[in-house]
Amino acid sequence: MIAKKTAMKRSWGAKSLAKYIASAKEKGEKLDQFWLSNCKAGDGIDDLDTAITEIRATQALNSRSKSDPNYHLVVSFAEGEKPHIDVLKDIEQEFAKALGLEDHQRVVGTHINTENFHMHIQFNLVHPETFRMHTPFRDFQILQKTAAELEKKHGLEVVQGRGQDNERENRKARDKEANSWEQSFSGFLKDHKSELLTIHRDAGSWEELHEGFALYGVELRRRGAGFVFRDIGTGTMEKASAVDRLFSKKNLEDKYGPYRKQDRLFDRTKPKTKYRRRPLDPRLERHPAWKRMTGGQTGKRVSWRRFLEQQAGVDAEAREALELQKSYLQIISGKTPQKIRTRQIRSRKSKGMSR
């Protein structure tokens, strides 16, 4: 089984994606099974139009988030493998649970008459009750881990070496995230890997490639024997082939020819998103504790982790954020994060109570 988030066309929204899943428009494809999850409109294909209206209305009630509220997951099975409908529904539910989208609205369809039987899942990232947007963090790792667990659970054919070559981990970035609880530049690139790969796939020249990357606030530079992604705002760099092998010097120059730098590109390109300081749990970016930390810092910058550990003993909001961040780390890693300085926290808490 291979589970992969796919990039959507810029013109697509909830309606276009849902109709694509329901109509199986690719050459030779045919819709096999179809269902809706968590939609009050119903659960069958006859309810699709009403469900689309419901999903779009839910998304309209979130006015804060500027990111695309639709998430498109494709689950492909081994050649000749076609699980029973009950197994497919369990697979859909388990991926939703793993991504933190269990209660969210979903459009699901399976397609046949292709080389591999596969399932499309459209998630509405906006919660139908809280109207908050949840964007899965480090979803590549979550999808691979869940796929392996489901293969074992349902006796499906095991896919060996799934994505391992393309997901070589940057230890320095991993250590930064573990010590600061803030997203690294490497993490930002991994979050947007599917979009960067789509730009590479569609670009026909170095100029088009550079222009596409500029929309994410990054540029591709030659460094040593290869290329690096460089964040325009901070100058932080990441080896391009560590994000994906398709960004290796050989692969890029095989397609576009010798490297050509694009001068003054960022003077005329406004990024639609860019790397910025952000907690590992993206939901906490709107938490009062994060806003207070980033809004009131002077002098030497304090990391999110250190701020929470220092403030949790005397501040209820920091204490709440600390527990939320720790829970999030446990969910995405399956491990308990390094113990916080409990003695310091207890000491500060007792001092705060005595005041």
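Predicted model: local features only at pLDDT ≥ 70, side-chain atom pairs only at ≥ 80, totals over all residues.
Five strands make up an open sheet, ordered β1-β3-β5-β4-β2 and paired in the antiparallel sense. From one strand to the next, the twist averages 15 degrees. Within the sheet, β4 (residues 106-112) and β5 (residues 118-124) are joined by six antiparallel bridges, and V108 stands opposite I121 in β5.

Helix α3 (residues 85-98) lies across β1, β2, β3, β4 and β5, and runs at about 50 degrees to β2.

As for the rings, the structure holds 14 aromatic pairs. One of them is W206 with F227: the centres are 5.8 Å apart and the planes sit at 70 degrees, so this pair counts as edge-to-face. It bridges 21 residues of chain, from helix α8 (residues 206-214) to strand β7 (residues 226-231). W206 is buried, at a relative accessible area of 3%, and F227 is buried too, at 4%. W206 also pairs edge-to-face with Y259, with centres 5.1 Å apart and planes at 80 degrees. Y259 belongs to the loop between α10 (249-256) and α11 (288-296), 53 residues from W206, and both are buried. Together, W206, F227, Y256 and Y259 form one aromatic cluster.

The charged end of K89 is over the W35 ring, 5.5 Å from its centre, while K193 lies over the face of F140 at 4.8 Å from the ring centre.

Methods. Residues numbered from 1 in each chain as written. Heavy atoms only, no water. Pairing = 2+ DSSP bridges. Helix = DSSP H or I, 4+ residues; strand = E, 2+ residues; numbered from the N terminus. Axes fitted to C-alpha atoms, helices over the stretch in contact; angles between N-to-C directions. Contact = heavy atoms within 4.5 Å. Phe/Tyr/Trp six-rings, centres within 6.5 Å; stacked < 30°, edge-to-face > 60°. Buried < 20%, exposed > 50% of the residue type's maximum accessible area, 1.4 Å probe, protein only. Lys NZ or Arg CZ within 6 Å of the ring centre and 35° of its normal.
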